[in-house]
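Welcome to this guided tour! Keep your viewer open and select each stop as we reach it.

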Amino acid sequence: MELEQRNLEDDKIEMSEEFDFNDSETMIQFKIVYWGPGESGKTTNFFRLREKFDLLKLTRGYSIETTEGRTLWEDSLYLLFKFTLKDIKFNIICHVVTCTGQERFLSTREYVLDGADGIMFIGDSDPEKIEQNKRSFRELISFARPKKIPYLIQLNKRDLKGAIAIKDFKLHLGLPLQEKYPDGTYIVYPTEALQGKNVIPCFQDLILQVIFNYFKEE
Ligand SMILES: Nc1nc2c(ncn2[C@@H]2O[C@H](COP(=O)(O)OP(=O)(O)OP(=O)(O)O)[C@@H](O)[C@H]2O)c(=O)[nH]1
Ligand SMILES: [Mg+2]
């Protein structure tokens, strides 16, 4: 599958700077968690979002890392944007956090996941990481399914030589083999977070899922 780069303008969500702090009636807050095995590219995704939404940030965001550049606790950022549904405008505050993939900090992951409205799973294309991918995905499912939290799956590091075939990744994780779900979202989003490829469209598709889920619950 070709990695597509879509423009913000083409997308269904209007992400503008016109966030209205005074209009509390239409304000919704979401929390999006980036989840996945150690060093799959969660923090790299987070950096790409921070760059892309430079003008829409409420905070500069922070990353708490160990000296090896691995996430110790979390990365955190608030994004503000406006979403229009049938002429009604909603002001959305989106809290983006990444959890650590490090096994020894498992307990902090549960804390970071608490209150998640949407989860982005970041898988690693390195074939040697397949067991870690599977384990982490199982953890995500056991958390997200009972609570009906929407999630999307990224398969990152598509640039790696010898990257696992998307079909094999799907077979290992027990995912449907077709390309998309009936609602148009991809079953697996191939990404190259280091180059920023496909990171933003994937994020926006998750936001749409979260918004639809929010209105379904109303
Ligand atoms: N080749 C390649 N490397 C990548 C890509 N995305 C991230 N990386 C590299 O993978 C390593 C780990 O990336 P991080 O974003 O820190 O991974 P993480 O999931 O936050 O890791 P933890 O916080 O330790 O769980 C870094 O060296 C990144 O530069 C990619 O698309 N391609
Ligand atoms: Mg990290």
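Before the first stop, one term: a residue is buried if 20 or more other C-beta atoms lie within 10 Å of its own, exposed if 12 or fewer, and partly exposed in between, with C-beta atoms placed from the backbone. This is a predicted model, in which local features need pLDDT of at least 70, side-chain atom pairs count only at pLDDT 80 or more, and totals for chains, interfaces and linings use all residues. Residues are numbered from 1 along each chain as its sequence is written, while chains are lettered from A and ligands numbered from 1 in the order in which they are written.

**The whole chain.** Colour the protein chain by pLDDT, the predictor's confidence in each residue, from 0 to 100. The mean is 83, and 77% of the residues reach 70 or more. Over residues 1-11, however, the pLDDT is below 50. Now switch to a cartoon view: there are five helices and seven strands. Here helices (H or I, at least four residues) and strands (E, at least two) are DSSP runs, numbered from the N terminus. Of the 218 residues in the chain, 38% are buried.

**The core.** Select Val 33, Trp 35, Val 96, Ile 119, Met 120 and Phe 121: they have the most contacts inside the largest nonpolar core, which has 46 residues. Helix α5 (residues 199-217) gives the most to this core, with nine residues. A nonpolar core is a set of buried Ala, Val, Leu, Ile, Met, Phe, Trp, Tyr and Cys residues joined through C-beta atoms within 7 Å.

Stay on Phe 121. Which residues does Phe 121 contact, leaving aside its neighbours within four places in sequence? They are Trp 35, Gly 36, Phe 137, Leu 140, Tyr 151, Ile 153 and Gln 154. Contact means that two C-beta atoms, placed from the backbone, lie within 7 Å.

**Helix α3.** Next, select residues 130-147, the 18 residues of helix α3. Its buried residues are Asn 133, Ser 136, Phe 137 and Leu 140. Show β1 (27-35), β5 (118-124), β6 (151-156) and α4 (166-173) too, as they are included in what covers those buried residues.

**Two lysines.** Just after α3 comes Lys 148, with a positive phi of about 55°. Lys 148 lies in the loop between α3 and β6. Move on to Lys 157 in the loop between β6 and α4; this residue is not a glycine, yet its phi is positive, about 60°. Is each lysine buried or exposed? Lys 148 is exposed, because 9 other C-beta atoms lie within 10 Å. Lys 157 counts as buried, because it has 23 C-beta neighbours inside 10 Å.

Technical notes:
The expected span of a helix is 1.5 Å times one less than its number of residues.
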